[in-house]
Amino acid sequence: MHPNIAYAMQQVCLHMHSPQDVHQTMLKCILRYVKGTTRLGIQPRCAPTLTITAYSDADWAGCPDTRRSTSGFCVFFSNSLISWSSKQQTTISRSSAKAEYRAIANAVSECS
């Protein structure tokens with residue numbers, strides 16, 4: 001699992017039904033990166049307390065075409081990453097605060 005390429009993969013997957021040369025080039029770069037990092041991964045670690053911690057973020061109107069925000073979150077159980085997501089929001093937010101609230105709601109939903 002490579003959480004540091006989740007956003008890049010999401011961008012490539014957006015265009016998988018009608019890919020262009022630029023999308024195929026992006027996919028080749030991602031595959032080269034994955035091939036070179038096969039020995040790396042997420043290592044679970046012991047921790048003295050069992051806690052769930054979630055981080056979220058959103059970029060307001062980040063897509064220049066649709067003006068939709070991209071939100072993402074990651075969830076940790078103690079010191080181990082157990083879940084993450086990065087995707088374009090389904091609706092257009094009128095403010096950065098609303099985009100952030102949607103990102104927080106997604107993270108809380110995942111924790112629940």
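**View 1. Phenylalanine 73 and serine 85 are bridge partners, the latter in β3.** This is a predicted model, in which local features need pLDDT of at least 70, side-chain atom pairs count only at pLDDT 80 or more, and totals for chains, interfaces and linings use all residues. Residues are numbered from 1 along each chain as its sequence is written, and side-chain values use heavy atoms, with hydrogens and water left out. β2 and β3 are antiparallel and share 8 bridges. Strands (E, at least two residues) and helices (H or I, at least four) are DSSP runs, numbered from the N terminus. Two strands pair if DSSP finds at least two bridges between them.

**View 2. Tyrosine 55 has cysteine 74 of β2 as its bridge partner.** Strand β2 spans residues 70-77. 8 bridges join β2 to β1, and the two run antiparallel.

**View 3. Three strands make an open sheet in the order β1-β2-β3.** Pairing is antiparallel. Neighbouring strands are turned by 10° against each other on average, direction ignored.

**View 4. Helix α1 (residues 6-13) packs on the sheet.** Helix α1 touches β2 and β3, and its direction makes about 35° with that of β3. Contact means heavy atoms within 4.5 Å. Axes are lines fitted to C-alpha atoms, for helices over the stretch in contact; angles run from 0 to 180 degrees between N-to-C directions.

**View 5. Helix α3 (residues 96-111) lies across β1, β2 and β3.** Helix α3 runs at about 150° to β1.
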